[in-house]
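Let's take a walk through a protein model together, one stop at a time. Keep the picture open beside you as you read.

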Amino acid sequence: MLQFEIKKVFSKFKNKIAMFLLLIILIATSILTMNRVEYLDADGNASSGITAAKNLSAEQNKWAGYLTEDVFVNVIKEKAQINNSKEALSDDIQEQNKAYAKTQGISGITGLINNAFSDWRDYNYFAVNNVSEEEVKQVYEKRISSLKEYLNSGEETFTDAQKDFLIQRYEDLKTPFYYEYTEGWSALLQNISTFILMLALVIGFFVSGIFSEEFQTKADSIFFSTKLGRNKAIVSKVGAGLVITTVLYVVFMLLYTAIVLLALGADGADCPIQLDLWRSAYNITFFQAYLLIVAGGYVGTLFAAVISMIVSATARSTATAVIVPFMILCAFPFLSRIITLPGICSFFPDQLLEVYLSIKDFELVELGQRVMSVVTIIIPVYMAACLLLLPILYRVYKKSQIK
């Protein structure tokens with residue numbers, strides 16, 4: 001019966017169109033993500049995408065290794081030498097591009113130095129040009145001292161426990177960082193939330209008619225009068241919704257990930273996320289960040305799908321059920337912009353699809369004497385909510401009255 005329910009969903013013409021649309025979204029998003037990687041050749045000519053990623057990888061991996069004090073000093077010297085070259089001092093844009101092309105191998109490292117010696121909320125692209133060889137040795141220490149200055153500035157309101165939590169996270173981060181080309185992962189993580197949102201909305205469309213179609217086709221009297229109509233048949237419908245949600249999510253996430261990383265390169269999976277998100281309090285690698293984002297996206301997609309199926313069963317309307325994922329995942333972010341309740345907004349279900357931003361920012365919650373990141377709470381909480389809603393979905397549909 002499970003296979004029959006799944007087959008019914010994918011046999012509908014509108015769902016075949018939705019599947020085609022999903023493939024178009026996959027291709028379009030993958031192309032946009034790949035074009036985030038750019039490269040300038042020795043003549044100052046720009047390129048993007050696969051070729052750019054290959055060339056940039058070759059340049060940056062020349063500097064692959066642990067970022068020790070000596071490496072930072074060598075980067076400062078290299079940058080100063082390039083800045084004093086005739087190309088860099090030229091008034092011609094093309095000549096300046098040639099000079100910039102020489103910095104691409106160390107661009108990730110100079111980015112760290114700029115972050116370390118910039119004001120907390122103001123990234124200074126030229127900070128690296130004004131840092132001495134002695135000062136640059138303090139990059140990791142500067143990260144911690146900058147946080148302490150920020151927490152004591154009064155710009156943000158953190159409790160003493162939250163301040164201690166953030167400082168401890170910063171101090172626990174293992175240094176020196178291991179550096180290599182990470183642009184493939186960086187591009188993937190920066191665009192993945194957009195793809196997850198569109199994937200979740202389309203999946204919501206697929207499952208929206210699983211329960212309502214029996215009423216719309218006037219087959220409810222037959223469905224509920226059969227021997228297994230109010231038990232096993234309903235379980236099959238619930239199972240079909242879960243299988244469709246899970247399989248579509250996993251398959252398309254794997255396809256998106258494979259396309260991007262095969263095109264841009266998967267180097268740097270074990271590098272710390274701070275190479276891309278310098279101020280992040282999550283002491284995780286790029287790959288671990290990816291798993292956390294994907295897990296959050298799945299729970300958010302599943303929650304929206306389950307709510308959509310409940311509405312489908314109660315309202316007996318596919319159109320109404322289709323709107324539900326949009327309301328949950330798109331209307332809540334809009335609501336969070338017009339109301340001043342940041343604490344509550346951090347727990348809205350749309351945040352499950354924005355884990356990347358949570359990793360980037362300080363989103364904390366204090367429970368008793370324990371400080372935790374919001375992400376570590378909302379993922380298990382909404383997963384538990386999904387499990388609790390499934391028997392409710394079953395009972396709602398089981399008690400449906402034939403009209």
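Predicted model: local features only at pLDDT ≥ 70, side-chain atom pairs only at ≥ 80, totals over all residues.

Let's start with helix α7, which covers residues 107–116. Is this helix mostly out in the open, or is it enclosed? Of its 10 residues, 7 are buried, so the helix is largely enclosed by the rest of the structure. The buried ones are Ile109, Thr110, Gly111, Leu112, Ile113, Asn114 and Ala116. Which elements cover them? The cover includes α4 (69–83), α8 (139–151) and β4 (178–179).

Two packed helices are described by the angle between their axes and the distance between the axes. For α8 and α9, the angle is about 170° and the axes lie 10 Å apart. An angle over 145 degrees counts as roughly antiparallel, and α8 and α9 are therefore roughly antiparallel to each other. On the α8 side, the contact is made by Arg143, Ile144, Leu147, Lys148 and Leu151. On the α9 side, Lys163, Leu166, Ile167, Tyr170 and Glu171 take part.

Two of those names belong together in another way. Side chains of opposite charge can pair when their charged atoms come close. Lys148 and Glu171 do this in a salt bridge, with 3.8 Å from N to O. The pair links distant parts of the chain, with Lys148 in helix α8 and Glu171 in helix α9 (residues 160–172), 23 residues apart. How accessible are the two partners? Lys148 is partly exposed at 34% relative accessibility, and Glu171 is partly exposed at 41%.

How many salt bridges are there? The count comes to 5. Another of them joins Lys62 and Glu59, whose closest N and O atoms are 3.4 Å apart. Here Lys62 is exposed, with a relative accessible area of 61%, while Glu59 is partly exposed at 23%. In a further pair, Lys137 meets Glu134, with the closest N and O atoms 3.3 Å apart. This time the glutamate, Glu134, is exposed at 54%, and the lysine, Lys137, is partly exposed at 24%.

The surface also has a nonpolar side to show us. Leu2, Val243, Val247, Val251, Leu255 and Ile259 make a nonpolar surface patch of about 410 Å². Which helix gives the largest share of the patch? That is helix α13 (residues 232–264), with 5 residues. Leu2, by contrast, is found in helix α1 (residues 2–11), and Leu2 is partly exposed at 35% relative accessibility.

Our last stop is Met34, in helix α2 (residues 13–34). Is Met34 buried or exposed? Its relative accessible area is 13%, under the 20% limit, so Met34 counts as buried. Leaving aside residues up to four places away in sequence, Met34 touches Gly49, Ile50, Ile259, Ala263 and Leu264. Now find Asn191 in the picture: Met34 and Asn191 are 157 residues apart along the chain, and their C-alpha atoms are separated by 9.8 Å.

Conventions. Residues numbered from 1 in each chain as written. Heavy atoms only, no water. Buried < 20%, exposed > 50% of the residue type's maximum accessible area, 1.4 Å probe, protein only. Helix = DSSP H or I, 4+ residues; strand = E, 2+ residues; numbered from the N terminus. Contact = heavy atoms within 4.5 Å. Salt bridge = Lys/Arg side-chain N within 4 Å of Asp/Glu carboxyl O. Patch = residues over 30% accessible without salt bridge, like charges linked within 9 Å, V, L, I, M, F, W, Y side chains within 5 Å. Areas by Shrake-Rupley, 256 points an atom, 1.4 Å probe, with all protein chains shown as cover. Axes fitted to C-alpha atoms, helices over the stretch in contact; angles between N-to-C directions. Parallel < 35°, antiparallel > 145°, perpendicular 65-115°, else oblique.
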